[in-house]
Amino acid sequence: MPLSPRLAEPVRGAERAAAPGPAQPCPQGDLNSFLWTIHRDPPAYLFGTIHVPYTRVWDFIPDNSKAAFEASARVYFELDLTDPYTISALASCQLLPHGENLQDVLPRELYRRLKRHLDYVKLMMPTWMTPDQRGKGLYADYLFNAIAGNWERKRPVWVMLMVNSLTETDVRSRGVPVLDLYLAQEAERMKKRTGAVERVEEQCHPLNGLNFSQVLFALNQTLLQHESLRAGSLQAPYTTEDLIKHYNCGDLNAVIFNHDSSQLPNFINTTLPPHEQATAQEIDSYFRQELIYKRNERMGRRVMALLRENGDKSFFFAFGAGRELSG
């Protein structure tokens, strides 16, 4: 988030509580917490979240971050994930126009490979689920449909993102609110004023703005990665576990968190032929510009406007950690 260093400074995490037992991923000393203070009276805070089940990170979030959240009268997020309209609008923007089906727009072989991969995921889903998920009444078919239902009606770029979320690790984490949603639910429970600094279309339009040849390249590369992972010939560069460990350690690693922020695979690969490397670089640059830099600038302006218009109110802004790191 592009706030001036004079306005915002990170809060050190010396009071970060050490979680007991083997779950502790690193020495809990004087680490950075993902909490910044915006200097004003009353104070405002900027907190970096991560899109994983809150139970995986909550014990490692320092007490100062939790106290700042509880003390703030207003809590703002990127999007209002508790608003049914937001969820509905997010679903609508992912659909192909004019009632088209994916089979109508994708090359035949690419469609067949996609269907084969999704069939594999559906077959494996019962073995990926945890006893805890089953105990909560989650069934594999229900979970698959919750994530991948209606996939044949979705735009290819959203199917690409969906494929990236259909891994064993991610499936095993379903059923527990991610950190952003948990904070939103807690804010509502505490009767805090909540809001959002983005509109759904501002998140959707950049993804829908890739040209068709770039989308086909991205989907093909994503499928190749997952097919190689299935065959055991490739290891994922950054796993969800890596992300959680770095977050819990307060490790301000912009490379990893930018990856989480845009939720996109890394297409840049030295083994690609030169013309495909150029396409990968174009896609990476486009997403970096649209989903990180331009969004940061827009969100930063709205944060400052909110602070100016509500000079007597305390604020807690909870945005993806990658957004703060790339500001």
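**Close-up views of a predicted model**

Phe315 is buried, at 0% relative accessibility. Keep that residue in mind as you go through these views, which all come from a predicted model.

**View A. Phe315 and Phe317 stack ring on ring.** A search of the whole structure turns up 13 aromatic pairs.

**View B. Two charged side chains sit over aromatic rings.** Here the charged end of Arg230 sits over the ring of Tyr120, 4.2 Å from the ring centre. Lys192 places its charged end over the ring of Phe69, with 5.8 Å to the centre.

**View C. Gln94 is a buried loop residue.** You will find Gln94 in the loop between helix 2 and helix 3 (102–105). Gln94 counts as buried because its relative accessibility is 15%, and the cut-off is under 20%. Beyond its neighbours within four places in sequence, Gln94 is in contact with Arg153, Lys154, Arg155 and Trp158.

**View D. Helix 10 has buried residues covered by other helices.** Helix 10 spans residues 200–208, and its buried residues are Val200, Glu202, Gln203, Cys204, Pro206 and Leu207. Their cover includes helix 2 (84–93), helix 7 (156–164) and helix 14 (274–309).

**View E. The whole chain puts the close-ups in context.** The protein chain has 15 helices and six strands. Of its 327 residues, 48% count as buried.

Terms used:
Residues are numbered from 1 along each chain as its sequence is written. This is a predicted model: local features need pLDDT of at least 70, side-chain atom pairs count only at pLDDT 80 or more; totals for chains, interfaces and linings use all residues. Side-chain values use heavy atoms; hydrogens and water are left out. Helices (H or I, at least four residues) and strands (E, at least two) are DSSP runs, numbered from the N terminus. Buried means under 20% relative accessible area, exposed over 50%, partly exposed in between (1.4 Å probe, protein chains only). Contact means heavy atoms within 4.5 Å. Rings of Phe, Tyr and Trp (its six-membered ring) pair if their centres lie within 6.5 Å; planes under 30 degrees apart count as stacked, over 60 as edge-to-face and the rest as tilted. A charge sits over a ring if NZ of Lys or CZ of Arg is within 6 Å of the ring centre and within 35 degrees of the ring normal.
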